[in-house]
Amino acid sequence: MVAVWIILGVIVIIVIWFIASYNGFISLKKRIENAWAQIDVQLKRRYDLIPNLINTVKGYKDFEQETLTKVIQARAAAVNATTIPDKIQAEGVLTQALRGLLAVAEAYPDLKATQEFMQLMEELRNTENLISFSRQFYNDSVMTFNTRIAMFPGNIVAGMFAFKAATFFEVADAAERQAPKVDFSK
Amino acid sequence: MAVFSFYEEQRRNIAKSYLLIILFTVVMGAFGFIIDYLFETMPWFTLIFLGIALIQVLVATLAGPSVVLSSVGAKPLEMGNLEQKQLSNIIQELSIAGGMAPPPKIYHIPGDPTINAFATGLRPQDAVICVTDGLLDALDREETQGVVAHELSHIQNRDMLYMTLLSALIGAVVIVQLFALRAMIFVPSGGSRRDSNSGGIIIFLLAVAGLATVFALFGRIVLFAVSRQREYLADAHSVELTRNPAGLASALRKIAQTPGRIRTASVATAHLFISDPLRRAVNEQEGGFFTNLFATHPPLFSRIARLEGKSPQQIHRELE
């Protein structure tokens, strides 16, 4: 009789653990989906911001046309990218182009001093950070999820319900990997 | 491997908070019950003590951030200039980094020239981050980011919930202590048939008062220890969010080198701030065991040392 109760108890514990692991995986998966959606929102925000930036800078005579064209082209490519790898690639190029633009702007002191430019700069900085932070959150969530479903004994549950490892948002370009170092502090 | 530990930390703090409430109610009920048993007044003291426990918990958990905010003279931040817009942007960015939506509300202490900040609000949805105007002026974007991330960590970890309940618990112990001392006056001291009992009752009440005193002292030491440890933890989480220890370290250096207290801060609110707004010496000493026991914040130089990976002595010398 005692043995029956012990076996029953063990079964109940296993079932509870099973449900808890399954629910844990589901909530992590939702978190990853939500994080991906966030990245998308931020990327769109950046597309909207670029025309403003271009307009402000364009007014300045002999501002390097080449840099401007690069940004405009990169934006168009990013907007039109359809698959996720293409998108990641195009976004990397756009980020680089924008950094180039900001670096060039450093050479125009009167442009830099205008309230309008400073505000745009802050907006851009904000958007860049939003993108990189939402990517960071996404990747952290992916890592937690991937680790959980790979580790014993969680991997048993993950295997039964065919949970697949999620993909990291990897940065295409090597220079991109470095921490953002555009310095316009204050 | 412990990247992204907020969810864990949050769960642990919520669990500990529930445990505190339960423990607290049981202890208060038991005190009342023992007194009822001795004085044959069942069930009045049990009910009174449970009532005190309930009121303490309710007051502690239901009081919104408004009490603290008005006590330090904080006002909602308006988006007037670029600095203010920038702060709001930074908070929005870091809320996304921590996966918390919506971002906390922003307040500032107008005209205060010191560099300081605090977070309040027991639940993330009514969380508030408050900064001094001095912080807006003196810190650059990277430094502000470090400080804001520190405050967001307190919010995400539910540190305020745990700390508030801990202080409520200490408050209740003090109430018990006063109660026991007062009750001694009412113990009949001769002539009645409970004569033989009254000596025992006085000893019991003395014991309760003594125990409560010890517990209150012990409780404060625990509260301070928790507060110090939470500061280190929030520093670590700040770096986890920003991936940039230099920003917070440089902000703490500026804080250490800017003298002055916040006029509106008090001992009741001081532990909330990122660095002690009252600049009490106990929080800035290298200190032995006893000075450390009563500090609400770890010394700034040790915090900077941890962030920069240097020795505390070295930072201490650099700051002088």
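1. The contact between the chains takes 24 residues from chain A and 27 residues from chain B, where contact means heavy atoms within 4.5 Å. Chain A and chain B bury about 2,200 Å² between them, with 55% of that on carbon and sulfur atoms. Buried area here is the accessible area (1.4 Å probe) that two parts lose on being put together, summed over both.

2. A word on the basis of these notes. This is a predicted model, in which local features need pLDDT of at least 70 and side-chain atom pairs count only at pLDDT 80 or more, while totals for chains, interfaces and linings use all residues. Residues are numbered from 1 along each chain as its sequence is written, chains are lettered from A and ligands numbered from 1 in the order in which they are written, and side-chain values use heavy atoms, leaving out hydrogens and water.

3. Two salt bridges are found across the interface of chain A and chain B, a salt bridge being a side-chain nitrogen of Lys or Arg within 4 Å of a carboxyl oxygen of Asp or Glu. A:Asp140 pairs in this way with B:Arg243, and their closest N and O atoms are 2.7 Å apart. The interface of chain A and chain B also has eight residue pairs in polar contact (both at pLDDT 80 or more). A polar contact is a pair of N or O atoms within 3.5 Å; within protein, one must be able to donate a hydrogen and the other to accept it, and residues adjacent in sequence count only if both atoms are side-chain atoms.

4. On the side of chain A that touches chain B, the elements giving two or more residues are α1 (2-58) and α5 (115-150) of chain A. The largest share of that side, 17 residues, comes from α5(A). Its residues divide into five nonpolar, ten polar and nine charged. For the classes, Ala, Val, Leu, Ile, Met, Phe, Trp, Tyr, Cys and Pro count as nonpolar, Asp, Glu, Lys and Arg as charged, and the others, Gly among them, as polar. Helices (H or I, at least four residues) and strands (E, at least two) are DSSP runs, numbered from the N terminus.

5. Chain B is split into domain 1 (6-66 + 160-226) and domain 2 (70-157 + 232-319), with bounds from an automatic or database domain assignment. The C-alpha centres of domain 1 and domain 2 of chain B lie 34 Å apart. In chain B, 16 residues of domain 1 are in contact with 24 residues of domain 2. Domain 1 and domain 2 of chain B bury about 1,700 Å² between them, 66% of it on carbon and sulfur atoms. Between these domains of chain B there are zero salt bridges and one residue pair in polar contact (both at pLDDT 80 or more).

6. Which salt bridge involves B:Glu143? Its partner is B:Lys254, with the closest N and O atoms 3.0 Å apart. B:Glu143 lies in helix α6 (residues 141-157) of chain B and B:Lys254 in helix α9 of chain B, so the pair ties together parts that are 111 residues apart in sequence. B:Glu143 is buried at 4% relative accessibility, while B:Lys254 is partly exposed at 29%; buried means under 20% relative accessible area, exposed over 50%, and partly exposed in between (1.4 Å probe, protein chains only). The side chain of B:Glu143 also makes a polar contact of 2.3 Å with that of B:Ser250, a residue of helix α9 (residues 245-257) of chain B.

7. Do look at the salt-bridge network that links B:Arg253, B:Glu308, B:Lys310 and B:Glu318. B:Arg253 is buried, with a relative accessible area of 18%, and bridges to B:Glu318 at 2.7 Å between the closest N and O atoms. B:Glu308 and B:Lys310 meet in a salt bridge of 3.6 Å, N to O.

8. Finally, two loop residues. B:Thr114, in the loop between β2 (105-109) and β3 of chain B, is buried at 5% relative accessible area, and its side chain is in a 2.6 Å polar contact with that of B:Asp112. B:Asp126, in the loop between β3 (117-120) and β4 (128-132) of chain B, is buried at 19% and has a side-chain polar contact of 2.8 Å with B:Arg123.
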